[in-house]
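Here are my notes on the two-chain model you asked me to look over.

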Amino acid sequence: MTTLPCGRTSEDVLLNLDEPAGLHELQCRWCHAERQRLKDQNGFITRLLQTSTPEHEPEAFSKGILGKIASLGPRQRIWDVQDPATGLPRRLSSLELIKAIRKAFADSTTTQLNYTEIKATDAKVPHLRWKIQCHVSMAEDSSAGVVEQQVLSLVRDAISPLIIWDEVVVDLVIEDLHGRAIESVTLREES
Amino acid sequence: MEPTRLAVLVGRSMEGDPEAFGELVTVMTPGLRQYCKTFFSSWHDAEDATQDAWIRAWQSLGSLRERAAFKTWLYRMARNICLDRIRQRANDQQTVDDEVLEQTPVPDRELPENVAVQRGEVADAWQIINGLPSALRQTFVLVALQGMSYKEAALVTNVSESTVRGRLARARNAISEAVS
C-alpha cells in the first residue's frame, strides 16, 4: 500500500474509485494523479481479461442448453376449454393462450407486455372463468386510464377466438422500465 | 442488454417460451461463464457450471419473484452450483491453466503510459485474478467485468455492500501491485 505525500493511501483512493472524486481528491494533485493511475490500470486489466477470455461458441452452447431443457418437458399447464368456432371441447396450453395475448399486444403503441400469466379459476370442464395477470410498461405519453381500457380489450380480443368464457379478470400491473411495479389494478368483464 | 428488453425476455421465459430463454442464454452466457471461471481453474469446469446454472434457472423460473432481479438471481444460483461442485471436489486446486493462457492473444491496443505492464506479462490477466482469494476474485469480476452495482454484487455474494466495497478495493490493490 502506497502512502501519498498528502498522508492518504492508495487504498483510501481505491475505496471510492467508482464514485465521483471528493473535495480533497479534486484539490490534491497527489490523490488526483493516484486516482487517474488506478482508473487506467483498472480499465486496462478489465479490457485485458475480456480479450484474454478464451472464445466459446455461443450458438452451440445455447443449442446444447435448449436441447436439454426441451427434454425436461413443457412447463405450461394444459386447460380444458370450449372452442368458440365449433363448440367442441379441446385442450389448450397456457403458452398457446399467452402467445395469442402477446400477438394482440404486439401492435400496441402505448403498452408493452412484459409478462403475462393465465389460469382458469373455476373447477368446471370446460373452464369458463379466467384470471389473467398482465405486467406492462406504458409509453411516456400514455396514462394509466388509457392503458387499463386497452389491456382489458386486448386480452378479450386475444382469447375470444380461442375459448368460450363467462368471466375474465385481469390483474394489471403497470411497471417502470426496470420491471418494478408502480401501479396495480384489477379489471373484470363478464360475457 | 437494455432493461426493457431484458424484462420482456425474462417475462416470456417465465411464461414458458424457450425461444426467449434461448436469447437470454445467448446474451448472458459470456458474462456468466466468466463469473463461474472465478471458482475453477479450467474453462471447461466453468462451462459445465454455467450450463447447469441455466438448466436450473429454467426449472426454477417460477420461483423468481422479481423479474428485475433476474441477473442477480441467476448469478446467485450459479454461485451455489459452483460452490457445491467445489465442495464435492475438495481437492480442487485454484491453479491457472497455463496452456489456455499461452494461447490467448495479446491485445493490440497501446498501453496507457502510466500502466507499468510489460508485453510479456499481458497474458497473465486471468493468472493475476486467479491469484486473488476467492471472495476478492468474485467481487472484482462481478463489478469490474460484469458491470454490477455494489448492491447487486452484494446480493450475489451474500455479503453487505460495504464488504463488497472493501473487497473490491483489496482486489484492485492486489492487482495494482501485481502489474506495477
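Predicted model: local features only at pLDDT ≥ 70, side-chain atom pairs only at ≥ 80, totals over all residues.

1. Local features are taken up where pLDDT is at least 70, and side-chain atom pairs count only at pLDDT 80 or more.

2. Chain B, overall. Chain B has 180 residues, and 44% of them count as buried. If you take the contacts in chain B with a separation of 6 or more, 59% are between residues 24 or more positions apart.

3. The cores. The largest nonpolar core has 62 residues, and C36(B), A78(B) and F140(B) have the most contacts inside it. Click on C36(B) and, leaving out residues up to four places away in sequence, you'll see that it touches A46(B), A49(B), T50(B), A78(B) and C82(B). A second, separate core holds 29 residues, among them L97(A), V155(A), L172(A) and I174(A).

4. Helix α8 of chain B. Is α8(B), residues 150-157, mostly covered or mostly open? Mostly covered: six of its eight residues are buried. The buried ones are Y150(B), A153(B), A154(B), L155(B), V156(B) and T157(B). They pack against three other helices of chain B, namely α4 (70-88), α7 (134-145) and α9 (161-179).

5. N158(B) sits in the loop between α8 and α9 of chain B. Its phi is near 65°, a positive value in a residue other than glycine. Most residues other than glycine have a negative phi, which is the reason to give this spot a second look. Why does N158(B) count as exposed? Because it has 10 C-beta neighbours inside 10 Å, and the cut-off for exposed is 12 or fewer. Compare T157(B), which is buried.

6. Domains of chain A. The domain assignment gives domain 1 as 10-51 and domain 2 as 78-190. The C-alpha centres of these two domains of chain A lie 51 Å apart.

7. C6(A) lies in the segment before α1 (10-15) of chain A. Setting aside neighbours within four places in sequence, its contacts are C28(A), W30(A) and C31(A). H24(A) is 18 residues from C6(A) along the chain, and the C-alpha atoms of the two are separated by 9.9 Å. C6(A) counts as partly exposed because it has 15 C-beta neighbours inside 10 Å.

8. The strands of chain A. β4(A) and β5(A) (residues 167-175) run parallel and are joined by nine bridges; S137(A), for one, has E175(A) as its bridge partner. Together with helix α6 of chain A (residues 144-159), these strands make a right-handed β-α-β unit. β5(A) also pairs with β6(A) (residues 181-190), this time in the antiparallel sense and over nine bridges. There, E167(A) has E190(A) as its bridge partner. The hairpin of β5(A) and β6(A) has five residues between the strands, and G179(A) takes a positive phi near 85° in it.

9. A peptide bond to check. Going from V125(A) to P126(A), the bond is cis, with omega near 0°. P126(A) lies in the loop between β3 and β4 of chain A. As a reminder, most peptide bonds are trans.

10. Where the chains touch. How many residues does each chain put into the contact? Chain A puts in 47 and chain B 49. On the side of chain A, the elements that give two or more residues are α1, α3 (29-51), α4 (58-71), α5 (94-106), β3 (111-120) and β4 (129-138). α3(A) gives the most, with twelve residues. By type, the residues on the side of chain A that touches chain B divide into 22 nonpolar, 18 polar and seven charged.

Methods:
Residues numbered from 1 in each chain as written. Chains lettered and ligands numbered in written order. Buried ≥ 20, exposed ≤ 12 C-beta atoms within 10 Å, placed from the backbone. Helix = DSSP H or I, 4+ residues; strand = E, 2+ residues; numbered from the N terminus. Contact = placed C-beta atoms within 7 Å. Domains from an automatic or database assignment. Nonpolar A, V, L, I, M, F, W, Y, C, P; charged D, E, K, R; others polar. Pairing = 2+ DSSP bridges. Right-handed = clockwise from strand over helix to strand, strands pointing away. Core = buried A, V, L, I, M, F, W, Y, C linked by C-beta atoms within 7 Å.
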